[in-house]
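Please keep the model in view while reading.

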Amino acid sequence: MINKKWQLRPPLPADTLAQRLRNEPISIYQRGSQTVKQQEVTPMLVQLLHNRGITDPAHFESYLNADEKLTHSPALLPDIDKAVARILQAVLGNELVAIYGDFDADGITATVLLAQGISYLGGHTVTYIPHRSEEGHGLNRPALNNLKEQGVSLIITVDCGITGYAEAQYGREIGLDIIITDHHIALDKTPPSLAAIDPKLPDATYPFCELSGVGVAFKLLQALFQATHKNEGLEEALDLVVLGTVADMVPLQGENRYLVKQGLEVLNKSQRIGVQELVLSAGLEMGRITTENISYLLAPRLNASGRLDHAITSYELLETSSREEARRLAATLEFNNSERQRLTAELFARAKESLLVDGRAQPLLMISGPEYPSGIAGVVSGKLVDEFYRPSIVVQVEGDTAKGSARSIPEFNLVAAFTECQDLFSRFGGHHQAAGFVMPRDNVEQLYRRLLEIAERELSSIDLQPAISIDAAIPLSKLNGTTYKLINMLEPFGQANQPPVFLSQNVKLLDSRRIGSNKDHLKLKLRDGTITWDAIAFDLGNEVLSPYIDIVYNLKADSWGGKHTLGLNILDFVPSV
């Protein structure tokens with residue numbers, strides 16, 4: 001594993017800190033109730049908020065409560081009025097409406113949400129999720145023809161469509177009305193659709209552009225409920241919103257904080273049978289699900305069906321009202337996820353070995369071959385980024401076609417790089433750090449040469465080393481339960497809002513042992529003064545220990561046998577100087 005840079009955030013100057021400390025305590029709503037408690041604004045809290053971009057004391061309360069003040073009217077989204085009018089026309093006219101989704105957890109949850117929401121309003125819907133390896137991401141002509149033959153007159157995309165100019169044009173030519181809802185970056189031209197709802201469109205004025213695909217679908221459904229004066233039923237869909245939003249790793253800032261916080265409450269009480277069985281199969285407990293559980297346990301299972309077979313399995317799980325069917329589908333996802341893990345480990349090891357040149361990694365990594373299935377390629381490229389801290393692309397070559405999945409580092413914009421090479425692609429799209437493409441196999445080598453040139457140009461002056469951003473340096477002896485309660489005020493945690501990271505120096509190592517099936521992890525006992533802490537250091541089992549160490553860590557709570565204890569989650573350590 002590549003060494004990490006430690007970046008300690010500078011402490012606020014005393015005069016700035018004094019300006020931000022409020023004279024009156026702020027009101028914090030207890031999670032899951034309307035109970036209010038008064039919270040003292042402490043210097044540590046001000047520093048943690050500052051590190052997350054919250055610098056105005058007037059915004060402290062809404063950020064910590066993650067309340068409705070963070071939300072925006074759906075009327076501010078582009079083309080929303082056109083979309084609402086056309087959907088209601090279809091509902092009133094008994095037209096058949098197709099919800100056209102994507103094969104990842106974000107797209108699957110968005111498909112279920114919009115199909116059930118429009119049906120609740122009295123509409124008639126069918127759903128379509130393309131096959132990852134056979135059809136790829138987004139609209140395609142055979143699917144449009146198929147839906148037209150079924151009698152569909154209106155198609156609403158979710159989590160896709162904004163880069164499908166030619167496909168939307170074809171849909172119009174065969175008499176389909178298409179409404180696009182998406183959150184990916186648009187390319188040169190917006191597709192010729194009846195409405196294009198995407199907060200990332202160049203002319204969009206929506207105040208928050210980082211909604212997930214299911215988040216955009218939810219805002220459309222919210223607009224539909226407002227237009228039809230429906231006051232109930234919308235909140236029940238937030239279990240789907242939180243699953244898709246956390247799974248897609250969008251920043252948990254702004255409106256996403258509200259959607260995820262409220263969504264967690266709904267998810268933990270969800271009456272959706274498929275959700276209950278998914279939680280059970282993952283070894284979790286309803287009522288205790290966190291964003292971390294979604295990221296590492298629930299989302300991979302929802303994604304597994306589309307990676308190895310067809311995402312319809314995950315869709316049916318979230319949609320079913322049969323307990324027996326839900327158990328069967330959850331078991332299928334469990335098997336698929338295990339197989340996905342096995343394939344990922346095997347292919348990652350193979351890719352890792354073949355990518356090193358004279359023991360060194362190039363500034364951009366790219367590997368191709370028929371042995372890399374498109375459903376696993378993105379996971380493998382993500383693991384390569386974690387291992388080497390380089391933009392990484394894994395390409396499946398099948399017949400005359402190549403399909404690539406790319407993951408990147410913050411310093412390298414994939415979409416911008418792909419745009420420079422767009423003459424080589426049949427189609428491409430995505431986000432700055434996660435993107436994909438389809439191209440003729442004959443162009444693969446040329447693509448690598450050109451992308452490598454771009455990477456050398458963009459990254460030549462950058463130290464390609466991952467960084468750990470540290471919120472504050474604090475003596476280990478100063479930590480306690482009050483610190484943990486303060487940290488929890490910043491939840492929900494996730495992308496762009498990670499749990500606070502602390503640095504403690506000159507910590508005495510009392511005991512250590514390697515644990516795990518491969519002895520990859522360390523269990524430590526540490527002391528500072530008279531205070532002793534238990535700690536776990538994942539994937540650091542081969543690091544050299546010394547009698548005194550400097551540690552970078554999170555605070556974690558463990559529950560076992562009805563007891564709750566605090567411990568340290570060590571992210572990195574070095575011998576003390």
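Contact, as used here, means heavy atoms within 4.5 Å. Helices (H or I, at least four residues) and strands (E, at least two) are DSSP runs, numbered from the N terminus. The structure is a predicted model, in which local features need pLDDT of at least 70 and side-chain atom pairs count only at pLDDT 80 or more, whereas totals for chains, interfaces and linings use all residues. Residues are numbered from 1 along each chain as its sequence is written, and side-chain values use heavy atoms, with hydrogens and water left out.

Consider the open sheet of five strands, whose order is β5-β4-β6-β7-β8 with parallel pairing; two strands pair if DSSP finds at least two bridges between them. At the edges stand β5 (124-128) and β8 (195-197), each with a single partner strand, so one side of each is left without a neighbour in the sheet. From one strand to the next, the twist averages 20°. Strand β7 (residues 177-181) pairs with β8 in the parallel sense over three bridges, and I180 stands opposite A196 in β8.

Helix α4 (residues 80-92) lies across β4 (96-100), β6 (152-158), β7 and β8, and runs at about 140° to β6. Helix α6 (residues 141-149) also packs on the sheet, where it touches β4, β5 and β6, and its direction makes about 135° with that of β6. For these angles, axes are lines fitted to C-alpha atoms, for helices over the stretch in contact, and angles run from 0 to 180 degrees between N-to-C directions.

Rolling a probe the size of a water molecule over the atoms shows where empty space is left. On a 1 Å grid over the protein atoms alone, a pocket is an open set of points where a 1.4 Å probe fits, with protein on both sides within 12 Å along at least five of seven lines; lining residues have an atom within 4 Å of a point. Grid points are joined across faces, edges and corners, and a volume is the space filled by probe spheres set on the points. The second largest pocket has a volume of about 390 Å³. Of its 18 lining residues, Q116, G233, E236, A237 and R272 are the closest to the centre. Helix α5 gives the most to this lining, with four residues.

Where is V552 found? This residue belongs to strand β19 (residues 548-560).
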